[in-house]
Protein chains: 2
Amino acid sequence: MEARIRMQKLRERIMTADEAAGFIQDGMTLGISGFTRAGDAKAVPMALAERCKRTGEAMHIQLWTGASVAEEVDRVLAEAGIVSRRLPYQSDRLLRDAINRGDIMYTDQHLSLTVEMIRSGELGRLDVAIIEAVAITENGGIIPSTSVGNSPTFAAMADKVIIELNTRQSPLLEGMHDIYLPGPRPHREPLPLKEVNERIGTSYIPVDPDKIVGIVLTDRADHFVNMVSGDEETEMIARHLLDFFETQVKSGQMPPELYPLQSGVGAVSNAVLSGLKNASFKNLTMYSEVLQDAVFELLDSGVLAFASGCAITVTPEHATEVMQRLHEYRDKIILRPQEISNHPELIRRLGIIAMNTALEADIYGNVNSTHVCGTHIMNGIGGSGDFARNSLLSVFVTKSTAKNGQVSSIVPMVSHVDHTEHDVDILVTEQGLADLRGLAPRERSRLVIEQCAHPDYKDALLDYVERAELRGGQTPHVIEEALSWHQRFRETGSMRITEPEYV
Amino acid sequence: MEARIRMQKLRERIMTADEAAGFIQDGMTLGISGFTRAGDAKAVPMALAERCKRTGEAMHIQLWTGASVAEEVDRVLAEAGIVSRRLPYQSDRLLRDAINRGDIMYTDQHLSLTVEMIRSGELGRLDVAIIEAVAITENGGIIPSTSVGNSPTFAAMADKVIIELNTRQSPLLEGMHDIYLPGPRPHREPLPLKEVNERIGTSYIPVDPDKIVGIVLTDRADHFVNMVSGDEETEMIARHLLDFFETQVKSGQMPPELYPLQSGVGAVSNAVLSGLKNASFKNLTMYSEVLQDAVFELLDSGVLAFASGCAITVTPEHATEVMQRLHEYRDKIILRPQEISNHPELIRRLGIIAMNTALEADIYGNVNSTHVCGTHIMNGIGGSGDFARNSLLSVFVTKSTAKNGQVSSIVPMVSHVDHTEHDVDILVTEQGLADLRGLAPRERSRLVIEQCAHPDYKDALLDYVERAELRGGQTPHVIEEALSWHQRFRETGSMRITEPEYV
């Protein structure tokens, strides 16, 4: 324990999760570590939920995290009915249902922005931070575990800090983090980071040790989850994108090592990254949020020279090996606060190639990445907005259909806009790739339909465009029909136009 | 002339506008100086249009500028029918009509992005740059006139450069510009600018003098235009916003000098700025695009300590005085390339308060700032996206109704999205101000209706929200009705629900 808690006086603050949960009262705001189910505090949230179930006490808390957290936080706290507000991102099915019912207020935010708003007082006061750590330094500094997320700002701004010291997490994680907190505005220094592999901060989260009110020892693994696995269509999407990159390099538009890559989470992203193994690229770099399975394979094969992220999220089948071989990755990975991994300043400076997933896109290239049929949220906008707006190249990928072909992912007008056409350079489905750079909306529509739409929906989309163009406009629409595809899906379970409508 | 053209060999390249226009051939791309009708090249575009009219020759050019340019460029070239593509922004009525008819392809872009795309070759080759200047230095460097816009990159990337040396523009403009070009990515240095009034570049646009193929002497004033004047409603919008700022300062959320201000162009923006004169603020700063009339009044009264922009656009009644008193403003104004005035890195670092105009907003705070009824473009997104996404505080203003009350600017769903709810912190109409920070969509809707909607439309909006919420969702909608207000306006000339619909 002396190796894990190096400041002697803090060893006296070891307590049970129940005792630590005692610091949490009705009406408080909690800031909990965790990003994409990695490095979340686990024991204290569960103890709090248990307590509320046991005592029946009225409890309403605001819950802030880095991004999505595991069942041990979102599921149990939502189930216990004690979360009144949640931000900035989630991906738990049960919590999502409560949000869509309107039982929990969900403030869906750009992931780089939350800490700016906290520090400038716009979101109110933070009462308690609960942060998972692998060690505490001689000065009380917190060595985070598998994610950094928003924890540095939570530690700085919270009245009280509780640390979950997780002995299951590898001590080799120490030294892999780089903690940097930008100064206050308007007199802020430029972020000094110029290269993906550069260190600009400390290996620990600085915190006033007097604020650490409790240390809870835990031994619980990250709640790794299996991704939806890839299939023929995700492979085809990956192939289209890799062909595009190869063409860009051949034509001299991109350097052979491309630009630093950002990749969203999920099957398509993983397929694109995996596809890089068989492509001709070498010495690539990543400047991304989450480091998934494929990142470690690419590091192993030498295709990827360096990966900067803010969390390591691997599947159960890879977790053990990655964690055991962590010493091999120590010089090839840096974990940063999500504010830094997603910072507009750095995304623009480094010239990131951003690759994110669309739920649906419209013929003009506007993207919906969050709301099913415009109303019900899936997860949230996450970091996609930070990257898409400020990147060198913004790519969105989606399969051309969903729901066994009953839903076209290419529609006349998206039912919810997360990314406007100005922020969508390349759109890829298994059908093909549309390079929309420099095109006007009337050109984008023809190209998106030709390249990306599923053949079953092409005629109907073309028919829409032709009738819309008769009405004129920079972005032609038949306004009373623009959302009719979603309406039809709602009423009939399919976006397909069936015969009777023509009668 | 020696004072204006200081490099001797360049004096030999003085020619007529007709001769200079001779460098322009069918199929070329032109990059023309100008931002918000300030500092545009004037003579050569007119000579080109004349030539085409005279000869009847087939001519199709791509036209790139900083932002909107005056009739001498957009009007005459569109009238001559020789523009095939236009970017990144325009505001000419005749050109707009051609765009909405689909006769001209208009690539509407974030104003900071165009030059990045040009430099990385994504928009194709630039044949000829035509740049208005007040002088040419000993080394051939170009001293721009009343705007910088995209001219530094045009000069760097064009095969040939034509200079319009405008002796009507004040020589006192020399020294007011600060030209900085970021290096290539991914190994770019941080932008060194840390304060609004800091200089980081040169007073001239560097250019290879051998590329300067012609210098045309002109004596034509900027085509200053009268703004739509303010009225009682713009005054009320300004009052709400100023009250909000005062409250923020009192509560300690903002410093007494606020944060650097960005302000869009137009009557409301001018009213807000003018309103500052009578408020209690001192030592404010601006980090904006266009410096309008009110900026000079604020500098005179000492309310504003410094203004950074990329163009000076004043009305005819103020132009003469401002230009005659330019020496008084030389230490208080810097004109920068629009890439720098709108750079995400600097907007985030400086903590800008962004104030832009909405055409319409929806109950959830999504903003349409470009497309009338979702299809016909007014001007373009301009710099609003650069600022709204990356600012410390993003404010959008609009009157609550348009078209004599027949159109509600607050609608169930905007017919086109330029700014998502994530990028809209504060919404203001003459009715009131909605502070949307940290709120979930279901909270935003009630507040927007209560604070911002016109009383004539409140009941209908509330009725919509209540019925939408019965269907559930993070962002409730009655999808088949979401755009019905626009449809009704299209069919009846009014968004008002008339009695017969209830029968």
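What follows is a short exchange about how some labels in this predicted model were assigned.

Modeller: Local features need pLDDT of at least 70, side-chain atom pairs count only at pLDDT 80 or more, and totals for chains, interfaces and linings use all residues of this predicted model. Residues are numbered from 1 along each chain as its sequence is written, chains are lettered from A and ligands numbered from 1 in the order in which they are written, and side-chain values use heavy atoms, with hydrogens and water left out.

Colleague: Why is A:V265 called partly exposed?

Modeller: Buried means under 20% relative accessible area, exposed over 50%, and partly exposed in between (1.4 Å probe, protein chains only). A:V265 has 36% relative accessibility, so it counts as partly exposed.

Colleague: Why is A:G266 called buried?

Modeller: Its relative accessibility is 15%. That value falls under 20%, so A:G266 counts as buried.

Colleague: What makes A:M227 a contact of A:V265?

Modeller: Contact means heavy atoms within 4.5 Å. Leaving aside neighbours within four places in sequence, A:V265 is in contact with A:T36, A:M227, A:V290, A:Q292 and A:T357.

Colleague: Where do A:V265 and A:G266 lie?

Modeller: A:V265 is in the loop between β10 (261-263) and α8 (267-276) of chain A. A:G266 is found in the loop between β10 and α8 too. Helices (H or I, at least four residues) and strands (E, at least two) are DSSP runs, numbered from the N terminus.

Colleague: How do you know that A:V265 belongs to a "binding site"?

Modeller: That comes from an unreviewed UniProt entry, which places the feature at A:G264, A:V265, A:G266, A:A267, A:V268, A:N379, A:G383 and A:K403. They spread over 140 residues of sequence and up to 26.0 Å in space between C-alpha atoms. UniProt positions are in the numbering used here, feature names are shortened, and annotations may be inferred rather than shown by experiment.

Colleague: Why is A:P190 called buried?

Modeller: Its relative accessible area is 15%, under the 20% limit, so A:P190 is buried. Its contacts, beyond neighbours within four places in sequence, include B:P190, B:L191, B:K194 and B:R349.

Colleague: What makes β17 and β24 of chain B a pair?

Modeller: Two strands pair if DSSP finds at least two bridges between them. Two bridges join β17 (residues 360-362) to β24(B), so the pair qualifies, and the strands run parallel.

Colleague: Why do β18 and β24 of chain B stand at the edges?

Modeller: The open sheet has the order β18-β17-β24. β18 (367-368) and β24 (410-411) each have a single partner strand, so one side of each is left without a neighbour in the sheet.
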